[in-house]
Amino acid sequence: MEMQEQFRQKQNDPEGREQLYQQALHQKSADDFNLAVQAAYTEAPDNPLIAAWAVKILHEASGDKIATVWIGANDLFYLYEYGDPTSADEAREADRFERDLDELLDRLKRAGARVVIALLHDPSHGPVQTSGAFMSTTPDDWASRAQQAQRYNELLRATAAKHA
């Protein structure tokens, strides 16, 4: 937990994080640093500096490198929960999703990782609808999310094939 707090405190200090990393390597606590990066990435998956650290650690790792890519669910909820997107908004968001996915898979490939990609579930079916978290979401809203999830899954398949 101490490493996670140190990593968090240096969130706007790339040189400080590098020093922390070098210190972790020297003290043979690279696993703690890796866990701190994973925790930070879970908290802020859109932060490119944290994503870069995750890729750096993967690149420098020895042995088999396996990365699981399971993304898109949060994109769906942000797209629909904080607005009423138009078809153009949905297309623009799908384009951004595809660009980000392509960049991520490219980085993982360059790092030597074997990549496993998971598809999105249909958000219109599942426990979230009855959880009470999205009480204002209408059946039409769920249908739109389901269509966008299908669009993301098509992009996941196509981008995965491109990087195979």
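Asp 32 counts as partly exposed because its relative accessibility is 41% (buried means under 20% relative accessible area, exposed over 50%, and partly exposed in between, with a 1.4 Å probe and protein chains only). Asp 32 is found in helix α3, residues 30-43, where helices (H or I, at least four residues) and strands (E, at least two) are DSSP runs numbered from the N terminus. Asp 32 and Tyr 21 are 11 residues apart in sequence and 9.8 Å apart in space, C-alpha to C-alpha.

This is a predicted model, in which local features need pLDDT of at least 70 and side-chain atom pairs count only at pLDDT 80 or more, while totals for chains, interfaces and linings use all residues. Residues are numbered from 1 along each chain as its sequence is written, and side-chain values use heavy atoms, with hydrogens and water left out.

**The chain as a whole**

- The protein chain has 7 helices and 2 strands, and from the N terminus on its elements run α-α-α-α-β-α-α-β-α.
- Along its principal axes, the C-alpha trace of the protein chain spans about 55 × 35 × 25 Å.
- Of the 164 residues in the protein chain, 32% are buried.
- Taking contacts (heavy atoms within 4.5 Å) between residues at least 6 apart in sequence, 71% join residues at least 24 apart.

- The mean pLDDT of the protein chain is 86, and 99% of its residues reach 70 or more; pLDDT is the predictor's confidence in each residue, from 0 to 100.
- Confidence in the protein chain is lowest in α4, with a mean of 81, and highest in α7, at 93.
- As a reading tip, where pLDDT is low, the predicted coordinates should not be read in detail.

**α1 against α3**

- Two packed helices are described by the angle between their axes and the distance between the axes.
- The axes of helix α1 (residues 2-9) and α3 come within 8 Å and cross at roughly 55 degrees; axes are lines fitted to C-alpha atoms, for helices over the stretch in contact, and angles run from 0 to 180 degrees between N-to-C directions.
- α1 and α3 are therefore oblique to each other (angles under 35 degrees count as roughly parallel, over 145 as roughly antiparallel, 65 to 115 as roughly perpendicular and the rest as oblique).
- The crossing of α1 and α3 is right-handed; a crossing is right-handed if the near helix is turned clockwise from the far one by less than a right angle, and left-handed if anticlockwise.
- On the α1 side, Met 3, Gln 4, Phe 7 and Arg 8 make the contact, and their partners in α3 include Asp 32, Phe 33 and Leu 35.
- By class, the contact of α1 with α3 has 8 nonpolar, 1 polar and 3 charged residues (Ala, Val, Leu, Ile, Met, Phe, Trp, Tyr, Cys and Pro count as nonpolar, Asp, Glu, Lys and Arg as charged, and the others, Gly among them, as polar).

- Helix α2 (residues 14-26) and helix α4 (residues 48-60) have axes that come within 12 Å and cross at roughly 30 degrees, which makes α2 roughly parallel to α4.
- Arg 17, Glu 18 and Tyr 21 of α2 make the contact with Ile 50, Trp 53, Lys 56 and Glu 60 of α4.
- The residues of this α2 and α4 contact divide into 3 nonpolar, no polar and 4 charged.
- Lys 28 lies in the loop between α2 and α3 and counts as exposed, at 75% relative accessibility.
- Most residues other than glycine have a negative phi.
- Lys 28 has a positive phi of about 60 degrees although it is not a glycine.

- Helix α6 (residues 87-110) and helix α7 (residues 139-163) have axes that come within 10 Å and cross at roughly 30 degrees, so α6 and α7 are roughly parallel to each other.
- The crossing of α6 and α7 is right-handed.
- By class, the contact of α6 with α7 has 9 nonpolar, 4 polar and 8 charged residues.
- Thr 159 has its place in helix α7 and is buried, with a relative accessible area of 3%.
- Leaving aside its neighbours within four places in sequence, Thr 159 is in contact with Glu 98, Leu 101, Asp 102 and Leu 105.
- In helix α5 (residues 73-81), the buried residues are Asp 75, Leu 76, Phe 77, Leu 79 and Tyr 80, and what covers them includes α6 and α7.
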